[in-house]
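Dear colleague,

I am handing over the structure below, together with some notes on its aromatic residues. Please look through it before reading on.

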Amino acid sequence: IGASVAIVHGVLLQKLMIKPLLQSTYGKEMPASSQKLIPLLLHFSTIFWFVGGVLLIASPFMFNQEQGLMISLGVCSFYIVGALGNLWGTKGKHPGWVLLAISVLLIVFGL
């Protein structure tokens, strides 16, 4: 879920938020350094979500049981914070918190 949704999230974020922002009047008045930094900052959560998903997929094959447990707990903690922040920030109107919560439940079930 994490890696798949991150890809969709990244594409939609770029298309629906970043591109219109940078093409707006506000974006044209923005310094070049900010125009480079804003997409990276907005994609920050997408990057963590993707990396977390890849680590969860790879952990049974590349790491021992203890390392896999630590990876699972680390990714789970990032997803919990993301789910709660998304739920609070959007007042539940964005599906991201549901997907993150499902991911957390699956990680806990897998442990």
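Phe44 and Phe48 lie four residues apart in helix H4 (residues 44–62), so about one helical turn separates them; helices here are DSSP runs of H or I with at least four residues, numbered from the N terminus. Please bear in mind that this is a predicted model, in which local features need pLDDT of at least 70 and side-chain atom pairs count only at pLDDT 80 or more, while totals for chains, interfaces and linings use all residues. Residues are numbered from 1 along each chain as its sequence is written, and side-chain values use heavy atoms, with hydrogens and water left out.

The structure holds three aromatic pairs, where rings of Phe, Tyr and Trp (its six-membered ring) pair if their centres lie within 6.5 Å, and planes under 30 degrees apart count as stacked, over 60 as edge-to-face and the rest as tilted. Phe44 and Phe48 make an edge-to-face pair, because their ring centres are 4.8 Å apart and their planes stand at 70 degrees. Phe44 is partly exposed at 48% relative accessible area, and Phe48 is also partly exposed, at 36% (buried means under 20%, exposed over 50%, partly exposed in between, with a 1.4 Å probe and protein chains only).

Trp49 and Tyr79 form an edge-to-face pair too, with ring centres 6.4 Å apart and planes at 75 degrees. This pair links distant parts of the chain, since Trp49 sits in helix H4 and Tyr79 in helix H5 (residues 65–90), 30 residues apart. Trp49 is buried, with a relative accessible area of 7%, and Tyr79 is buried at 3%.

Finally, Phe44, Phe48 and Phe78 form one aromatic cluster.

Key. Helices (H or I, at least four residues) and strands (E, at least two) are DSSP runs, numbered from the N terminus.
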